[in-house]
Amino acid sequence: MQKEAGQYFDMNRVGWDRRAAVHFGSKFYDVDAFLDGATSLCGIELAAVGDVSDQRLLHLQCHFGLDTLSWAREGAICTGVDFSSVAIEKAQELAARTGLPTRFVCSNVYDFATAPEEKFDVVFTSYGALCWLPDLVRWAEVVAAHLEVGGRFYMAEFHPIYDLLAGYSYFTRAEPDVDEEGTYTENGADAVAHLATWAHPLSSVINALLGAGIQIEQVSEFPFSPYDCFEGLVEREPGRFYLSHGGNDVPMVYSILGRKAER
Ligand SMILES: C[S@@+](CC[C@H](N)C(=O)[O-])C[C@H]1O[C@@H](n2cnc3c(N)ncnc32)[C@H](O)[C@@H]1O
(Lines give C-alpha, C1' and ligand atoms only; values in the text may rest on other atoms or scores of the structure.)
Protein backbone atom coordinates (compact mmCIF):
# COMPACT_ATOMS: atom_id res chain seq x y z
CA MET A 1 0.00 0.00 0.00
CA GLN A 2 1.26 3.49 -0.86
CA LYS A 3 2.21 5.74 2.04
CA GLU A 4 1.29 9.41 2.38
CA ALA A 5 4.17 11.91 2.11
CA GLY A 6 3.77 12.55 5.87
CA GLN A 7 4.50 8.91 6.66
CA TYR A 8 7.68 9.09 4.58
CA PHE A 9 8.67 12.29 6.41
CA ASP A 10 8.15 10.50 9.76
CA MET A 11 10.35 7.63 8.58
CA ASN A 12 13.04 10.00 7.33
CA ARG A 13 12.97 12.10 10.50
CA VAL A 14 13.69 9.01 12.61
CA GLY A 15 16.56 8.13 10.25
CA TRP A 16 17.99 11.66 10.30
CA ASP A 17 17.75 11.90 14.10
CA ARG A 18 19.84 8.73 14.23
CA ARG A 19 22.24 10.03 11.58
CA ALA A 20 22.66 13.43 13.27
CA ALA A 21 23.79 11.77 16.52
CA VAL A 22 26.28 9.53 14.68
CA HIS A 23 27.50 12.27 12.28
CA PHE A 24 28.23 14.64 15.15
CA GLY A 25 30.94 12.30 16.45
CA SER A 26 32.36 11.39 13.03
CA LYS A 27 35.75 12.23 11.51
CA PHE A 28 33.83 12.96 8.31
CA TYR A 29 32.19 16.05 9.84
CA ASP A 30 35.17 16.80 12.14
CA VAL A 31 33.40 19.04 14.66
CA ASP A 32 36.71 19.59 16.52
CA ALA A 33 38.29 21.16 13.43
CA PHE A 34 35.25 23.42 13.06
CA LEU A 35 35.50 24.44 16.74
CA ASP A 36 39.20 25.19 16.13
CA GLY A 37 38.16 27.64 13.41
CA ALA A 38 38.02 25.60 10.19
CA THR A 39 35.18 26.30 7.77
CA SER A 40 32.99 23.37 6.75
CA LEU A 41 32.09 25.10 3.48
CA CYS A 42 33.62 23.90 0.22
CA GLY A 43 35.48 25.96 -2.35
CA ILE A 44 32.58 25.55 -4.81
CA GLU A 45 30.04 27.49 -2.74
CA LEU A 46 32.52 29.88 -1.12
CA ALA A 47 33.66 31.05 -4.58
CA ALA A 48 30.14 31.32 -6.00
CA VAL A 49 28.33 32.99 -3.10
CA GLY A 50 31.17 35.39 -2.30
CA ASP A 51 30.81 38.14 0.28
CA VAL A 52 27.94 37.55 2.70
CA SER A 53 28.88 40.19 5.29
CA ASP A 54 25.79 41.46 7.10
CA GLN A 55 23.51 39.56 4.72
CA ARG A 56 20.52 37.67 6.09
CA LEU A 57 21.10 34.08 5.05
CA LEU A 58 18.55 31.25 5.26
CA HIS A 59 20.01 27.74 5.16
CA LEU A 60 17.43 25.08 4.29
CA GLN A 61 18.11 21.53 5.54
CA CYS A 62 21.04 22.72 7.65
CA HIS A 63 21.70 19.38 9.41
CA PHE A 64 23.54 20.15 12.69
CA GLY A 65 24.56 23.58 11.51
CA LEU A 66 28.24 23.39 10.58
CA ASP A 67 27.71 25.11 7.21
CA THR A 68 25.23 27.61 8.70
CA LEU A 69 27.71 28.56 11.42
CA SER A 70 30.51 28.69 8.84
CA TRP A 71 28.46 31.27 6.89
CA ALA A 72 28.00 33.14 10.17
CA ARG A 73 31.78 33.18 10.55
CA GLU A 74 31.91 34.73 7.06
CA GLY A 75 29.77 37.56 8.44
CA ALA A 76 26.23 36.48 7.52
CA ILE A 77 23.25 36.76 9.87
CA CYS A 78 22.04 33.18 9.66
CA THR A 79 18.92 31.11 10.17
CA GLY A 80 19.17 27.33 9.76
CA VAL A 81 16.17 25.04 9.28
CA ASP A 82 16.02 21.28 9.60
CA PHE A 83 13.30 18.81 10.60
CA SER A 84 15.58 16.67 12.78
CA SER A 85 15.25 17.78 16.41
CA VAL A 86 18.53 16.00 17.24
CA ALA A 87 20.32 17.95 14.49
CA ILE A 88 18.80 21.25 15.64
CA GLU A 89 19.74 20.63 19.29
CA LYS A 90 23.35 19.92 18.22
CA ALA A 91 23.33 23.04 16.03
CA GLN A 92 22.14 25.16 18.95
CA GLU A 93 24.84 23.61 21.15
CA LEU A 94 27.50 24.56 18.55
CA ALA A 95 26.10 28.08 18.25
CA ALA A 96 26.38 28.47 22.03
CA ARG A 97 29.90 27.01 22.12
CA THR A 98 31.17 29.26 19.32
CA GLY A 99 29.22 32.33 20.37
CA LEU A 100 28.00 32.78 16.79
CA PRO A 101 24.56 34.40 17.00
CA THR A 102 22.62 32.06 14.73
CA ARG A 103 18.99 31.02 14.87
CA PHE A 104 18.10 27.37 14.33
CA VAL A 105 14.52 26.30 13.68
CA CYS A 106 13.22 22.74 13.82
CA SER A 107 10.76 22.49 10.94
CA ASN A 108 9.95 20.54 7.84
CA VAL A 109 11.05 22.66 4.86
CA TYR A 110 7.48 22.59 3.58
CA ASP A 111 6.07 23.98 6.84
CA PHE A 112 8.75 26.61 7.39
CA ALA A 113 7.32 30.10 7.56
CA THR A 114 8.60 33.29 9.09
CA ALA A 115 6.65 36.50 9.58
CA PRO A 116 5.59 37.69 6.09
CA GLU A 117 7.79 40.78 6.39
CA GLU A 118 10.90 38.76 7.29
CA LYS A 119 12.91 38.18 4.11
CA PHE A 120 16.43 36.97 3.41
CA ASP A 121 19.20 38.22 1.13
CA VAL A 122 20.47 34.70 0.46
CA VAL A 123 18.75 31.30 0.54
CA PHE A 124 21.26 28.45 0.54
CA THR A 125 21.02 24.66 0.43
CA SER A 126 23.61 22.02 -0.37
CA TYR A 127 24.87 18.47 -0.88
CA GLY A 128 22.30 15.81 -0.22
CA ALA A 129 19.23 17.98 0.35
CA LEU A 130 16.81 17.61 -2.57
CA CYS A 131 16.55 13.81 -2.62
CA TRP A 132 14.58 14.00 0.65
CA LEU A 133 11.88 16.19 -0.87
CA PRO A 134 8.95 14.74 -2.85
CA ASP A 135 7.75 18.00 -4.42
CA LEU A 136 10.19 20.51 -5.88
CA VAL A 137 7.50 22.96 -6.98
CA ARG A 138 6.45 23.47 -3.35
CA TRP A 139 10.10 23.57 -2.27
CA ALA A 140 10.90 26.33 -4.79
CA GLU A 141 7.87 28.28 -3.54
CA VAL A 142 9.32 28.13 -0.01
CA VAL A 143 12.66 29.39 -1.38
CA ALA A 144 11.02 32.28 -3.25
CA ALA A 145 8.66 33.20 -0.40
CA HIS A 146 11.59 33.88 1.91
CA LEU A 147 13.80 35.81 -0.53
CA GLU A 148 13.88 39.56 -0.83
CA VAL A 149 13.27 40.71 -4.41
CA GLY A 150 16.77 40.74 -5.92
CA GLY A 151 18.00 38.32 -3.22
CA ARG A 152 20.16 35.38 -4.24
CA PHE A 153 19.39 31.69 -4.24
CA TYR A 154 22.36 29.33 -4.31
CA MET A 155 22.49 25.57 -4.21
CA ALA A 156 25.25 23.00 -4.72
CA GLU A 157 23.95 19.46 -4.99
CA PHE A 158 25.12 15.98 -5.91
CA HIS A 159 24.50 15.34 -9.59
CA PRO A 160 21.56 13.00 -10.40
CA ILE A 161 23.68 11.31 -13.09
CA TYR A 162 25.62 9.75 -10.22
CA ASP A 163 22.37 8.30 -8.84
CA LEU A 164 21.61 6.77 -12.23
CA LEU A 165 25.05 5.10 -12.31
CA ALA A 166 24.49 3.89 -8.74
CA GLY A 167 21.34 2.06 -9.84
CA TYR A 168 18.61 4.60 -9.06
CA SER A 169 16.14 6.29 -11.38
CA TYR A 170 17.19 9.54 -13.06
CA PHE A 171 13.60 10.59 -13.60
CA THR A 172 11.07 11.24 -10.85
CA ARG A 173 8.82 8.34 -9.98
CA ALA A 174 5.50 8.45 -8.17
CA GLU A 175 6.83 6.47 -5.23
CA PRO A 176 10.18 7.08 -3.50
CA ASP A 177 12.96 4.53 -3.18
CA VAL A 178 12.99 3.15 0.34
CA ASP A 179 16.26 1.57 1.49
CA GLU A 180 17.40 0.23 4.82
CA GLU A 181 20.94 1.55 5.09
CA GLY A 182 23.68 2.94 7.28
CA THR A 183 25.07 6.37 6.58
CA TYR A 184 27.97 7.83 4.62
CA THR A 185 30.28 8.69 7.53
CA GLU A 186 33.08 6.29 8.56
CA ASN A 187 31.02 5.29 11.64
CA GLY A 188 27.88 4.94 9.53
CA ALA A 189 27.05 1.35 10.45
CA ASP A 190 25.77 2.75 13.79
CA ALA A 191 22.91 4.59 12.09
CA VAL A 192 21.02 1.98 10.11
CA ALA A 193 17.49 3.14 9.28
CA HIS A 194 14.80 3.01 6.62
CA LEU A 195 14.96 6.13 4.45
CA ALA A 196 12.87 7.31 1.50
CA THR A 197 14.42 9.31 -1.33
CA TRP A 198 12.96 10.92 -4.45
CA ALA A 199 14.79 11.27 -7.77
CA HIS A 200 14.82 14.71 -9.42
CA PRO A 201 16.31 15.31 -12.86
CA LEU A 202 18.17 18.58 -13.35
CA SER A 203 15.34 19.96 -15.51
CA SER A 204 12.83 19.56 -12.64
CA VAL A 205 15.03 21.57 -10.28
CA ILE A 206 15.57 24.35 -12.83
CA ASN A 207 11.90 24.48 -13.89
CA ALA A 208 10.66 24.52 -10.28
CA LEU A 209 12.91 27.50 -9.51
CA LEU A 210 11.92 29.35 -12.71
CA GLY A 211 8.25 28.68 -11.97
CA ALA A 212 8.63 30.23 -8.51
CA GLY A 213 10.15 33.40 -9.97
CA ILE A 214 13.85 32.69 -9.46
CA GLN A 215 15.82 34.03 -12.44
CA ILE A 216 18.66 31.63 -13.01
CA GLU A 217 22.01 33.33 -13.58
CA GLN A 218 24.35 30.35 -13.67
CA VAL A 219 24.22 26.57 -13.73
CA SER A 220 27.57 24.78 -13.23
CA GLU A 221 28.61 21.13 -13.26
CA PHE A 222 31.71 19.73 -11.60
CA PRO A 223 33.59 16.48 -12.37
CA PHE A 224 34.39 15.92 -8.70
CA SER A 225 32.72 15.70 -5.31
CA PRO A 226 34.21 17.70 -2.44
CA TYR A 227 33.18 14.80 -0.17
CA ASP A 228 34.48 11.25 -0.20
CA CYS A 229 31.02 9.82 0.40
CA PHE A 230 30.38 7.44 -2.50
CA GLU A 231 31.95 4.17 -3.55
CA GLY A 232 34.74 4.20 -6.11
CA LEU A 233 35.82 7.86 -5.80
CA VAL A 234 39.50 8.73 -6.32
CA GLU A 235 41.07 11.83 -4.75
CA ARG A 236 43.09 13.15 -7.68
CA GLU A 237 43.61 16.57 -6.09
CA PRO A 238 43.28 17.39 -2.38
CA GLY A 239 39.59 17.53 -1.47
CA ARG A 240 38.40 16.62 -5.00
CA PHE A 241 37.00 13.12 -5.44
CA TYR A 242 36.48 11.87 -9.01
CA LEU A 243 34.57 8.95 -10.49
CA SER A 244 35.45 7.52 -13.87
CA HIS A 245 32.86 5.81 -16.09
CA GLY A 246 34.08 4.21 -19.33
CA GLY A 247 37.26 6.26 -19.02
CA ASN A 248 35.41 9.57 -18.67
CA ASP A 249 34.74 11.76 -15.63
CA VAL A 250 31.22 11.56 -14.18
CA PRO A 251 29.54 14.89 -13.29
CA MET A 252 29.39 14.62 -9.49
CA VAL A 253 28.02 18.02 -8.43
CA TYR A 254 25.95 20.79 -9.99
CA SER A 255 25.20 24.23 -8.69
CA ILE A 256 22.57 26.86 -9.44
CA LEU A 257 22.81 30.58 -8.76
CA GLY A 258 19.65 32.63 -9.17
CA ARG A 259 17.98 35.82 -8.08
CA LYS A 260 14.40 36.49 -7.07
CA ALA A 261 12.69 38.49 -9.78
CA GLU A 262 10.08 41.20 -9.27
CA ARG A 263 6.67 39.77 -10.16
C1 LIG B 1 22.68 15.48 3.87
S2 LIG B 1 21.98 16.49 5.08
C3 LIG B 1 22.31 18.15 4.72
C4 LIG B 1 23.45 18.38 3.94
C5 LIG B 1 24.45 19.30 4.51
N6 LIG B 1 25.23 19.71 3.37
C7 LIG B 1 25.33 18.66 5.52
O8 LIG B 1 25.96 17.63 5.23
O9 LIG B 1 25.45 19.14 6.64
C10 LIG B 1 20.24 16.47 4.73
C11 LIG B 1 19.44 17.17 5.83
O12 LIG B 1 18.10 17.33 5.35
C13 LIG B 1 17.24 17.20 6.45
N14 LIG B 1 15.89 16.95 5.92
C15 LIG B 1 15.48 15.91 5.16
N16 LIG B 1 14.20 16.07 4.81
C17 LIG B 1 13.78 17.25 5.33
C18 LIG B 1 12.56 17.98 5.31
N19 LIG B 1 11.50 17.52 4.66
N20 LIG B 1 12.49 19.17 5.96
C21 LIG B 1 13.58 19.65 6.64
N22 LIG B 1 14.77 19.00 6.71
C23 LIG B 1 14.88 17.82 6.05
C24 LIG B 1 17.83 16.09 7.29
O25 LIG B 1 17.40 16.12 8.63
C26 LIG B 1 19.33 16.38 7.13
O27 LIG B 1 19.80 17.14 8.20
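I count a polar contact as a pair of N or O atoms within 3.5 Å. The model I am reading is predicted.

**Ligand contacts**

I started with F83. One of its backbone N or O atoms lies 3.2 Å from a nitrogen atom of the ligand, which means the pair falls inside the cut-off. I then looked up S126, where a backbone N or O atom also sits 3.2 Å from a ligand nitrogen. With N108 the side chain takes part: one of its N or O atoms is 3.1 Å from a nitrogen atom of the ligand.

Next I checked burial. The ligand on its own exposes 600 Å², and the protein buries 96% of this. I listed the surroundings too. The ligand has 18 residues around it, and Y29, H63, D82, N108 and V109 are the closest. I sorted this shell by class and got 9 nonpolar, 7 polar and 2 charged residues.

**Sheet**

I traced an open sheet of 7 strands with mixed pairing, in the order β3-β2-β1-β4-β5-β13-β8. The edges are β3 (103–106) and β8 (214–222); each has a single partner strand, so one side of each lacks a neighbour in the sheet. On average, neighbouring strands are turned by 15° against each other, direction ignored.

I followed one pair further. β5 (residues 147–158) and β13 (residues 253–260) run antiparallel over 7 bridges. A156 has S255 in β13 as its bridge partner.

**Helices on the sheet**

I found α4 (residues 66–73) packed on the sheet, touching β1, β2, β3 and β4. The direction of α4 makes about 175° with that of β2. Helix α6 (residues 136–146) touches β1, β4, β5, β8 and β13. I noted about 140° between the directions of α6 and β5.

Note on methods: Residues numbered from 1 in each chain as written. Predicted model: local features only at pLDDT ≥ 70, side-chain atom pairs only at ≥ 80, totals over all residues. Heavy atoms only, no water. Pairing = 2+ DSSP bridges. Helix = DSSP H or I, 4+ residues; strand = E, 2+ residues; numbered from the N terminus. Axes fitted to C-alpha atoms, helices over the stretch in contact; angles between N-to-C directions. Contact = heavy atoms within 4.5 Å. Near = heavy atom within 4 Å. Polar contact = N/O pair within 3.5 Å; in protein donor to acceptor, adjacent residues only side chain to side chain. Areas by Shrake-Rupley, 256 points an atom, 1.4 Å probe, with all protein chains shown as cover. Nonpolar A, V, L, I, M, F, W, Y, C, P; charged D, E, K, R; others polar.
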